[in-house]
Amino acid sequence: ARANSGATPLCFAAQEDCPDAVEELLKWGAQSSVMCCQGTPPSSSSIAFNSDAPMTPIPAHLSRFSGYTPMHYCAHYNAARAAKI
């Protein structure tokens, strides 16, 4: 599952510094290396594709967090507790 921005539930758990949610999502198979918008830079006019639904385009400019992983979200939002998981 992804938001329109390409962010995953694990990204949102990291953003909210919720270690219990991070731990549970990882336990159920969330991948910590998945990038929001598949790493396409926000300045690009190209289309990034959602790996969970390859035919669903995600305009790269929709998210300033394009290319972020959940760990990037932890750093950006100073989510130290979530980062420790």
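Start by selecting Asp17. In this predicted model, Asp17 counts as buried because its relative accessibility is 15%, and buried means under 20%. Asp17 sits in the loop between α1 and α2 (19-27).

Now show what surrounds Asp17. Leaving aside residues up to four places away in sequence, Asp17 touches Asn78, Ala79, Ala80, Arg81 and Ala82.

Next, select the largest nonpolar core. How many residues make up this core? There are 11 in all: Ala7, Leu10, Cys11, Ala13, Ala14, Val22, Cys36, Tyr73, Cys74, Ala79 and Ala82. Color α1 (9-15) and α3 (70-76): each supplies at least two residues of the core. The largest share, 4 residues, comes from α1. As a general point, nonpolar side chains in soluble globular proteins tend to be buried together.

Now zoom out and switch to cartoon view. The chain has 4 helices and 2 strands. Trace them from the N terminus: the order is α-α-β-β-α-α.

Turn to contacts across the chain. Among those with a separation of 6 or more, 57% join residues 24 or more positions apart.

Finish with the surface. The chain's accessible surface comes to about 5100 Å². Carbon and sulfur atoms hold 57% of that surface. What percentage of the 85 residues in the chain is buried? Buried residues make up 35%, and Asp17, where the tour began, is one of them.

Terms used: Residues are numbered from 1 along each chain as its sequence is written. This is a predicted model: local features need pLDDT of at least 70, side-chain atom pairs count only at pLDDT 80 or more; totals for chains, interfaces and linings use all residues. Side-chain values use heavy atoms; hydrogens and water are left out. A nonpolar core is a set of buried Ala, Val, Leu, Ile, Met, Phe, Trp, Tyr and Cys residues joined through side-chain atoms within 4.5 Å. Buried means under 20% relative accessible area, exposed over 50%, partly exposed in between (1.4 Å probe, protein chains only). Contact means heavy atoms within 4.5 Å. Accessible areas come from the Shrake-Rupley method with a 1.4 Å probe; for residues, only the protein chains shown count as cover.
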